[in-house]
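Visitor: Could you pick one part of this model and take me through it up close? I'd like the cut-offs behind each term as we go.

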Amino acid sequence: MRRSTPAALRTLALLAAGTLALAGCAGQPGAQEGEAEGSASPTSTLTISAAASLQRSFDEIAQEFSAEHPETAIKAISYDGSSTLATQIVEGAPVDVFASADEKNMAVVTDAGLGQDPVIFATNTLVIAVPSGNPGKVQSLADLAGVTTVLCAPQVPCGSASATLLENQGVSVKAASQEQNVTAVLQKVIAGEADAGLVYATDVAGQDKVESIVPAGADEVVNSYPITALGEQPGAQDFVDFLLGPKGRQILEEHGFGDAAAGADG
């Protein structure tokens with residue numbers, strides 16, 4: 001058996017090094033893919049404030065938007081009563097897109113010289129929400145006067161709409177509490193802290209812990225939802241356009257929102 005010469009050993013070493021180099025090259029596509037993914041990293045960030053009643057639909061819309069616009073990252077959307085959000089914006093909160101549950105609070109922002117021409121994108125109406133099983137035996141608006149009822153505060157869109165609805169139907173209700181957004185009203189009903197509350201139809205859609213009753217006159221009190229892009233942040237108008245487009249419209253309808261045309265007259 002022949003012994004390997006030093007020259008032969010050097011040759012084997014070179015061959016082994018070449019094999020490792022080729023193996024390393026074989027892994028390069030993965031690195032290139034990583035670089036390609038890195039090139040699609042967001043180049044702008046959006047801050048959005050939206051009425052509390054929009055939370056479920058906007059969370060879904062934001063997800064769809066991000067899939068189509070990887071160049072734009074959306075921060076966690078701020079949901080609250082429209083009056084609270086409008087005040088925050090006027091006082092200087094850095095917001096790129098504002099979606100209100102009524103035109104009155106949108107006007108607070110635009111009258112301050114902020115935002116472009118708002119566009120109505122959806123409508124909503126009120127329902128009576130009661131805990132599952134309806135322990136208070138509520139059947140109509142008149143019944144709200146004799147049970148523990150929670151309403152939105154008057155300055156909040158759902159509170160203003162509730163006041164109009166009750167007045168139109170000649171019903172006087174002393175609320176056990178007045179909440180700063182419609183989500184808080186719904187949560188008190190779900191928790192059994194109230195026998196009933198006035199919320200939007202979209203808030204009870206798909207909820208199994210509450211039941212809803214459509215009160216007389218609800219179709220005459222329609223909330224129109226406007227949206228506007230604030231400032232010149234890249235991607236803000238893209239989000240508004242996406243919301244107004246087919247996918248945004250479909251998601252809103254799936255969550256129970258009405259067509260924007262329904263609120264054109266009021």
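This is a predicted model: local features need pLDDT of at least 70, side-chain atom pairs count only at pLDDT 80 or more; totals for chains, interfaces and linings use all residues.

Guide: Let's start with α3, where S57, F58, I61, A62 and F65 are buried. Buried here means under 20% relative accessible area, exposed means over 50%, and partly exposed is in between, with a 1.4 Å probe and protein chains only.

Residues are numbered from 1 along each chain as its sequence is written, and side-chain values use heavy atoms, with hydrogens and water left out. Helices (H or I, at least four residues) and strands (E, at least two) are DSSP runs, numbered from the N terminus.

Back to α3: turned away from its buried side is a face that carries the exposed residues Q63 and A67. The helix length checks out too: at 1.5 Å a residue, its 14 residues should span 20 Å, and the end C-alpha atoms are 20 Å apart, which agrees. The expected span is 1.5 Å times one less than the number of residues.

What packs against α3? The buried residues of α10 do, and they also pack against β6 (119-124) and α9 (236-244); contact means heavy atoms within 4.5 Å. In α10 (residues 246-254), the buried set is G248, R249, I251 and L252. Viewed down the axis of α10, they fall within an arc of 165 degrees, so they line one face of the helix. P246 and E254 are exposed on the face turned away from that buried side. Just past the end of α10, G256 has a positive phi of about 95 degrees.

Positive phi turns up elsewhere as well. Most residues other than glycine have a negative phi. In the loop between β7 (126-131) and β8 (149-152) sits N134, a residue other than glycine with a positive phi near 50 degrees. K137 lies in the loop between β7 and β8, with a positive phi near 55 degrees. N134 counts as buried at 8% relative accessibility, whereas K137 counts as exposed at 59%.

Now for the disulfide. The rule is a pair of cysteine sulfur atoms within 2.5 Å, and by that rule the count comes to one. C152 and C158 form it, with their sulfur atoms 1.7 Å apart. The torsion about the S-S bond is about -100 degrees, so this disulfide is left-handed. C152 is buried at 3% relative accessible area, and C158 is buried at 1%. C158 lies in helix α6 (residues 157-168). Not counting residues up to four places away in sequence, C158 touches L126, C152, V182 and Y200. The C-alpha atoms of C158 and L198 are separated by 7.8 Å, although these residues are 40 apart along the chain.

How values were computed. The arc is that of the directions from the helix axis to the C-beta atoms.
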